[in-house]
Amino acid sequence: MKQRFIALLLAVCIACTMLVMPASASSANTAVQAAVMLGGLTSEQAAGQDAALTRGQLAKLLAAFSPYRESANAQGTAGTLFTDVAGSDPLAPAIRIAVSQGWMSGYTDGSFRPANPVTLEEACAAALNLLGYDVTTLSGTFPTAQLNKARELGLRDGVNRGQGEALTVADGAVLLYNALTAPTAEGQVYGTSLGFTVTGGQVDASSILLGNVQGPFVAQAGTQLPFAPAAVYRNDEGAASAELAPYDVYYYSENARTVWIYTRKAAGRITAVAPSAAAPTSVTVAGTEYTVGSSQAASVLSSLNGGGVGQVVTLLLGMNNEVVRVLTGSEADQVFYGVVQNSARSLIEDDGADVRQSVTVACTDGVTRTVNVDKSLNFPAGLLVEITVTGEGEQVARVDARSVSGTFNENGTALSGTPLADGVEIIDTTAEGVAGAVRPSRLSGVTLQSGDVRYYTTNAAGEIDRMILDNVTGDLWTYGVLDDVRNLTSAAADAIDDEIGRPSGEVSLPSGTTGTGNAAADVADIILPSTSDILYGIIDGSIASTLWDNLTSSTGSVASYVLRLAADNTTGAMSNILGWLGKGASYVCYINGENTTLNTSVKYPVLAGGVAVSRSPSGTVKNMIQLMPAMIDKVGAASVMSGSTRYETADNMQVYLWYRGQYYPTTLAQVNPEEYYLIGWYDNLGCTAGNKIRVLVAVKKD
């Protein structure tokens, strides 16, 4: 039971089958919430995790990620520790422990300077001391020795800072969280000394973090928590309010002063129960199967009590989307909004042959629902619809657009003065029906035009509680790097040479184009230079961004070139060449570190480096566009600099090392502008909240 809760206790939206998390690959959110649960950060500090990490906060984190975390909280007021740290200071116990254990030290003037910012090398030195590494045993001198050892142990994974740079609160949490799977100086995995189970570089923190979690409970009107929570999570995201509404499912830990609230619901007609109608442990509603997580829910769904297949219900979902309670009758009434992904008609023979149509809708709550509808109606992909569930069944109907415009505030909690509801549901969508959930923080500072919002609703308090966007983020595209595709050049050139059959010197080149007069050589120059040519051309400046659009219009250039070649051609070869241009191709890419081949029905004007791929909900490639390159001079926590231009980095930015004709997936912590040429590839697709670095390619300076 405890293991089922661990991912949610760390407030990370991951698959419910993943019960442990690799510390080395942890997100900042995972590390920050672990620090909150262990007492290293307050919920207020977690909310402001981009603030500078101070020496006092580092001491608190060190104590929290140590065997002294309980005694640090139990210590009372003692005498003055340092000239600038009173015994009554809330940080005094942690500072006392950090200094007495030799993890940190004060200054010769008797001060500790708890408000001073912490640099990368200072934090790495403290973490190494925590792990028992004696400075005299490290190779080299400070700070190089500490930085290198920290990198070797994986402490710097996910901490995108360089020597001398100040850390954020999130950076400090990630550094200490990574320490859990690092070996100590004695060769023991550090996390095991704290009571964690560490297997294969993964940490199961449930035995420590769970405490006395109680629940699930279902709120009624007026339900109050038995304590004032310090941390609130609503649908696994941090929230400001712990207010409970009727039918909210909630859990809490008084020890951790934390509450988890879930508002997710599944509603519709039951189409299957398993393993038996009398004693179901799973139920399928609107095309999705859910695990039954309570005896009350199992009882309502059991055929022994009149439940089961054909029943219209609303499922109240808790942690891991388990069914906590089942509502029937008028209590089951629900309305969902979303975008059609596909519709399909099929033959049924229940009572004679007939046709049934089902529509699949991606809804704002992140659930994809499949509902049977009138077979004569038309529901094309991309259509905006509402699903209404009543005791009589389900209905799907088109809804008219309802737009809103304005600017999100800097923390993504309001749109031009209109607040967003706690647990607001936002999805981005494409015309093809592709949809994905959007965190409100993703839209911080973004200005939406009226055409960016397809639909929205407000609750009784006038807060925006649902929003459907129109390709605003650019996150619905698939990003990667294109491998060398010079083979397409050769194929095109050979085809043109063979079909035209003109000797060298008799070819009329396109206006403004110079060349040899030989079709194969000239087309090779027009279509696709090699990946190395492109990368080094960007590095040395011979391919400036102003020329990139011309380079990436190569399909059009080839078509223009061929038309010139065929101006006086009467052999009929022109149709064969244009036919070749209109046929598909296979593009070999690296996507999320995996070598992938994309087969397309047409050829796209992409050369090498970063590419964006648009897909249909079924995965079919609909478009492929070249990303824009920028030389990166400086790398920050969530942004990079190219000269005086700042680019935000995508949360899932991919990083590759290019060496001798091959891409090698790596991490940002392994590369830097001092030792590598860094080429950032950003999306320039016209998305309002896009223009982020999606892929970064590193070329070593040697």
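What share of the contacts in the chain with a separation of 6 or more comes from residues 24 or more positions apart? Such residues account for 62% of these contacts, a contact meaning heavy atoms within 4.5 Å.

The model is predicted, so local features need pLDDT of at least 70 and side-chain atom pairs count only at pLDDT 80 or more, whereas totals for chains, interfaces and linings use all residues. Residues are numbered from 1 along each chain as its sequence is written, and side-chain values use heavy atoms, with hydrogens and water left out.

The chain has 17 helices and 37 strands, taken as DSSP runs (helices H or I, at least four residues; strands E, at least two) numbered from the N terminus. Of its 702 residues, 49% are buried, that is, under 20% relative accessible area with a 1.4 Å probe, protein chains only (exposed is over 50%, partly exposed in between).

Helix 7 (residues 120–130) and helix 8 (residues 144–153) have axes that come within 9 Å and cross at roughly 65°; axes are lines fitted to C-alpha atoms over the stretch in contact, with angles from 0 to 180 degrees between N-to-C directions. Among the residues making this contact are Leu-120 and Cys-124 of helix 7 and Leu-147 and Ala-150 of helix 8. The loop between these two helices holds Pro-143.

Most residues other than glycine have a negative phi, and most peptide bonds are trans. The backbone exceptions below concern both quantities.

| Site | Feature | Value |
|---|---|---|
| Phe-142 to Pro-143 | cis peptide bond | omega near 5° |
| Gly-215 to Pro-216 | cis peptide bond | omega about 10° |
| Asn-321 | positive phi | phi about 60° |
| Ser-416 | positive phi | phi near 45° |

Pro-216 lies in strand 4 (residues 214–218). Asn-321 is partly exposed at 32% relative accessibility, and Ser-416 is partly exposed at 47%.
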